[in-house]
Amino acid sequence: MELFDVYSLFDLTPVRALGCKVWDDKGQEYLDLYGGHAVISVGHSHPHYVEVLSDQLRKIGFYSNSVVNPLQQELARRLGEVSGYTDYSLFLDNSGAESNENALKLASFHTGKDAVIAFRKSFHGRTSGAVAVTDNPKIVSPFNAVHKVTFCDLEDSWAVEKRLMKGDVAAVIIEGIQGCGGINIPSDEFLRTLDDLCHKYGAVLVLDEVQSGYGRTGRFFAHQWAGIRPGIITMGKGIANGFPCGGILISPEFKAVKGMLGTTFGGNYLAMAGALAVLDIIFSERLVNNALTVGSYLLSSIPASDRIKEVRGRGLMIGIEFNEDVAPIRKKLLYEKHIFTGVAGSNMIRLLAPLCLSMDEARYFVDTLKEIL
Ligand SMILES: Cc1ncc(COP(=O)(O)O)c(C=O)c1O
């Protein structure tokens with residue numbers, strides 16, 4: 001049997017990793033500014049993370065959601081404290097797409113409505129509802145295209161309000177910062193207007209913090225820069241540093257009904273151990289602060305060049321938009337300079353480094369970029 005060939009691969013096989021470093025099967029060291037696509041939050045193979053997960057595996061690896069799992073309760077309590085959402089509740093699942101799927105479903109149950117407003121250049125995942133609110137026709141199959149979704153431009157609050165006026169909108173879904181769409185940051189004012197509009201028209205504001213959350217932008221969630229409290233916040237990626245895990249934070253106005261949401265693997269012991277270890281490390285190593293400090297350095301130090309159109313981002317979620325196709329630059333960074341980076345579209349290099357990136361590592365990248373430009 002062969003693998004179903006849907007990924008474009010780099011010809012490279014990482015076999016070991018530590019912190020922001022990765023080694024391939026030939027012993028070559030790389031600097032990881034991609035974090036396995038924003039997943040590695042506290043650094044690869046952090047000793048505390050490894051110890052907590054291994055220890056959990058020796059005790060009990062899995063049981064279903066039909067029993068009391070104190071690790072889930074502890075995660076809910078600590079996540080509430082660290083994020084400032086102590087009065088919200090937590091539903092645990094397995095991925096970013098599943099979190100968005102659950103958020104949209106819950107918004108629809110809660111309001112009794114069925115339409116959703118999403119934004120141009122959005123990415124919310126690949127399951128049925130999540131891909132329907134993703135603005136990329138290439139990945140939306142006819143089966144997924146049946147949902148009632150209206151796409152508006154970021155910052156166009158009048159278009160949002162006009163659509164809300166029809167009265168059938170259950171949710172407005174927006175990323176804290178658009179990642180795959182090219183590091184587009186909604187203004188604080190726009191987020192506040194969306195929040196007001198959702199309250200006015202009885203819709204739920206769903207903040208997709210799958211990529212922008214968990215400390216990446218220098219606040220626990222990116223939307224906290226705007227001071228709003230959305231109805232539902234969705235999480236994934238960095239929550240358990242690579243052990244599959246996702247979840248949604250749900251405002252107190254939602255009523256839980258037995259059986260309305262569910263999952264086999266969500267909230268399992270290993271994912272919970274990983275997620276608790278991540279919070280330990282984020283807290284003890286002050287990684288949210290570090291993301292802001294090192295990210296601000298990168299944002300202000302990436303060299304000006306006539307090949308670069310704009311550098312934008314917050315904390316360690318950074319896009320370097322070029323005036324040209326970045327594929328050759330990215331290849332050079334990877335194969336000659338041994339630095340992993342991400343992309344967004346054809347003209348942007350996207351940096352999604354682990355939150356423990358050091359100043360020295362950041363400087364090394366800046367110097368290397370200067371050299372190759
Ligand atoms: C903003 C955002 N939402 C949702 C997802 C989907 O997450 P997953 O691939 O874990 O389903 C992603 C993945 O890149 C994302 O960036």
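Modeller: Begin with elements: helices (H or I, at least four residues) and strands (E, at least two) are DSSP runs, numbered from the N terminus. Cys-245 lies in the loop between β9 (232-235) and β10 (246-250). Residues are numbered from 1 along each chain as its sequence is written. The model is predicted: local features need pLDDT of at least 70, side-chain atom pairs count only at pLDDT 80 or more, and totals for chains, interfaces and linings use all residues.

Biologist: Why is Cys-245 called buried?

Modeller: A residue is buried if 20 or more other C-beta atoms lie within 10 Å of its own, exposed if 12 or fewer, and partly exposed in between, with C-beta atoms placed from the backbone. Cys-245 has 28 C-beta neighbours inside 10 Å, so Cys-245 counts as buried.

Biologist: What does Cys-245 touch?

Modeller: Contact means C-beta atoms, placed from the backbone, within 7 Å. Not counting residues up to four places away in sequence, Cys-245 touches Asn-94, Ile-239, Ala-240, Ala-271, Gly-274 and Ala-275.

Biologist: Is Thr-341 buried or exposed?

Modeller: Thr-341 has 23 other C-beta atoms within 10 Å, and therefore is buried. Its place is in the loop between β13 (339-340) and β14 (342-344). Beyond neighbours within four places in sequence, the contacts of Thr-341 include Leu-33, Tyr-34 and Arg-330.

Biologist: What makes a set of residues a nonpolar core?

Modeller: The members are buried Ala, Val, Leu, Ile, Met, Phe, Trp, Tyr and Cys residues, joined through C-beta atoms within 7 Å. The largest such core here has 109 residues, and Ala-171, Val-172 and Val-206 touch the most other members. Helix α8 (residues 269-284) gives the most to this core, with 11 residues. Val-206 touches Ala-171 and Val-172, among others.

Biologist: How many residues of the protein are buried, as a share?

Modeller: Of the 373 residues, 48% count as buried.

Biologist: How do you know that the protein agrees with a compact globule?

Modeller: The radius of gyration is taken over C-alpha atoms, and the globule rule is 2.2 Å times the number of residues to the power 0.38. For 373 residues a compact globule would have a radius near 21 Å; the protein has 20 Å, so the two agree. The C-alpha trace spans about 55 × 55 × 45 Å along its principal axes. The secondary structure comes to 11 helices and 15 strands.

Biologist: Which domains is the protein divided into?

Modeller: The bounds come from an automatic or database domain assignment. They give domain 1 (14-45 + 286-372) and domain 2 (48-284). The contact between them takes 25 residues from domain 1 and 25 residues from domain 2. On the side of domain 1 that touches domain 2, α9 supplies the largest share, five residues. That side has 14 nonpolar, eight polar and three charged residues. Here Ala, Val, Leu, Ile, Met, Phe, Trp, Tyr, Cys and Pro count as nonpolar, Asp, Glu, Lys and Arg as charged, and the others, Gly among them, as polar.

Biologist: Which residues come nearest to the ligand?

Modeller: Near means a C-beta atom, placed from the backbone, within 6 Å of the molecule. Of the 14 residues around the ligand, Ser-95, Gly-96, Ala-97, Gly-125 and Val-210 come nearest. Helix α4 (residues 96-111) gives the largest share of the shell, three residues. By class, the shell divides into four nonpolar, eight polar and two charged residues.

Methods
Two residues are in contact if their C-beta atoms, placed from the backbone, lie within 7 Å.
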